[in-house]
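Work through the exercises below with the structure open. Each task is followed by a worked solution.

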Amino acid sequence: MIVTLLIQAGRLIDGRGKILRDVEILVEEDRIKAVGSEIQVGDDVERLDFSDQTVMPGLIDAHLHITSTGDPDPLKRVQRGVPYTALVGAAQAKRTLEAGVTAVRDAGAPFNTALDLRRAIQEGLLPGPRMIVSGQGLSITGGHGDPANGWPREVDFLGRRPVDSPDEARRAARQELAYGADCIKMSATGGVMSMGTDHTVRGLTEEEMRAAIEEAENRKKRTLAHAQGTEGIKNAIRAGISSIEHGFWLDDEAIEMMRENDVFLVPTLAAVYRILEAGTDKGVPEHAVEKARIGQQAHLESFKKALDAGVKIAMGTDAGTPFNLHGDNAFELKLMVDAGMTPMQAIVASTSLAAEILDLETGAIEEGLLADLIVVDGDPSEDVDCLCNRDNIKLVMLGGETKIRR
Ligand SMILES: [Zn+2]
């Protein structure tokens with residue numbers, strides 16, 4: 001049986017920058033069949049009337065850690081082990097979908113937890129968004145996320161695996177792809193949350209990243225680089241990376257390189273914001289607060305320069321970092337607007353552009369795309385605030401199926 005559905009939208013935000021009034025959307029099975037007015041359908045077709053609301057694509061978060069909790073010090077929680085971590089991921093995937101997020105890219109989880117969660121969601125065992133999963137990220141010994149930095153041996157809080165030569169990077173990328181990773185994550189610099197690393201200093205070398213990227217490209221997969229300092233950012237771009245994550249210190253040359261090579265920026269402004277908002281008073285490790293403080297101003301300036309230069313920016317929250325909670329994903333849109341985007345630019349970054357970097361046939365309300373959409377009370381193109389309160393998200397549809405109705 002072919003399930004068809006006619007949605008009446010008072011206001012339609014298409015995900016590419018356009019607003020339309022009083023539009024109908026015809027959904028057939030899991031896809032959008034038509035968008036227009038006075039679409040002719042039989043009496044048996046179910047109708048949903050949202051004449052007083054906004055219909056738009058579901059939000060897409062291009063960088064989060066579905067199994068990380070937002071605890072001030074991630075080390076404490078991860079010591080509870082793998083099964084617990086997987087259960088946490090399941091709870092957080094549900095919360096994410098409930099907040100109107102219909103697709104995410106997991107940027108690192110311990111062992112196979114995010115991969116298994118993706119499978120369980122696909123099999124219909126658990127509610128959650130579409131998941132693009134990067135498995136365990138590659139990093140140098142002593143680099144971002146390496147437990148060797150004074151942590152207990154068994155701890156690997158973001159699921160990083162140390163590699164120390166192009167050959168090791170190549171093997172690690174092949175293994176992650178064999179486990180089922182959809183993309184390969186690598187650390188081009190140190191990081192805010194990793195004890196003992198300096199986020200201005202490079203991590204993997206250009207040659208190491210190139211080897212991993214060749215393996216990903218050979219399997220038609222994209223790559224993402226945790227990259228904060230300028231040298232590491234440029235190494236990753238020269239190696240052929242698909243997206244720069246965080247991008248604290250982007251100089252003019254780096255921005256030009258990104259534009260020329262069609263490299264995305266996924267800024268994750270919420271990660272820095274939440275760490276500084278909470279501070280050491282609420283238990284965030286001192287080294288992390290200090291590194292966030294050092295980077296914040298440069299980060300915001302880099303964001304604005306990249307935006308003005310026309311670099312493609314996709315929304316990513318880094319949810320799972322301290323006080324950066326799953327389900328609060330839309331707060332990132334507010335921060336992007338505060339940092340210089342129009343509300344519509346923030347929406348496009350969170351829908352069609354994020355879909356592009358995730359290689360998903362969604363992110364816009366357009367004929368032929370997957371019917372992943374949300375219904376919102378209010379007008380996010382005027383003020384993205386209305387997306388931040390989940391009570392305003394009246395409906396969440398994933399592949400033509402209503403998952404949440406309020
Ligand atoms: Zn991250």
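Two residues are in contact if their C-beta atoms, placed from the backbone, lie within 7 Å. The model is predicted.

**Exercise 1.** Find which residues of helix 2 and helix 3 meet, then classify how the two axes cross.

Solution.
- Start with the contacts. From helix 2, take Val-82, Thr-85, Ala-86, Gly-89, Ala-90 and Ala-93. They meet Thr-113, Ala-114, Asp-116, Leu-117 and Ile-121 in helix 3.
- Next, the axes. Those of helix 2 and helix 3 come within 10 Å and cross at roughly 45°.
- Helix 2 is therefore oblique to helix 3.
- Finally, the hand. The crossing of helix 2 and helix 3 is right-handed.

**Exercise 2.** Identify the buried residues of helix 3 and what they pack against.

Solution.
- Helix 3 covers residues 113-122. Its buried residues are Thr-113, Ala-114, Leu-115, Leu-117, Arg-118 and Ile-121.
- The buried residues of helix 3 pack against helix 2 (82-98) and helix 4 (166-179). They also pack against strand 6 (101-106) and strand 7 (130-133).
- Now step past the end. Just after helix 3, Gly-124 has a positive phi of about 80°.

**Exercise 3.** Which members of the largest nonpolar core touch the most other members?

Solution.
- The core has 121 residues. Met-209, Ala-212, Ala-236, Ile-241, Ala-314 and Ala-354 touch the most other members.
- Helix 8 (residues 269-278) gives the most to this core, six residues.
- Domain 1 (4-57 + 364-405) and domain 2 (59-358) each supply at least three residues to this core.
- Take Ala-314 as a case. Leaving out residues up to four places away in sequence, Ala-314 touches Ala-62, Phe-264, Val-266, Ala-349, Leu-353, Ala-354 and Ile-357.

Key
Residues are numbered from 1 along each chain as its sequence is written. This is a predicted model: local features need pLDDT of at least 70, side-chain atom pairs count only at pLDDT 80 or more; totals for chains, interfaces and linings use all residues. A residue is buried if 20 or more other C-beta atoms lie within 10 Å of its own, exposed if 12 or fewer, and partly exposed in between; C-beta atoms are placed from the backbone. Helices (H or I, at least four residues) and strands (E, at least two) are DSSP runs, numbered from the N terminus. A nonpolar core is a set of buried Ala, Val, Leu, Ile, Met, Phe, Trp, Tyr and Cys residues joined through C-beta atoms within 7 Å. Domain bounds come from an automatic or database domain assignment. Axes are lines fitted to C-alpha atoms, for helices over the stretch in contact, and angles run from 0 to 180 degrees between N-to-C directions. Angles under 35 degrees count as roughly parallel, over 145 as roughly antiparallel, 65 to 115 as roughly perpendicular and the rest as oblique. A crossing is left-handed if the near helix is turned anticlockwise from the far one by less than a right angle, and right-handed if clockwise.
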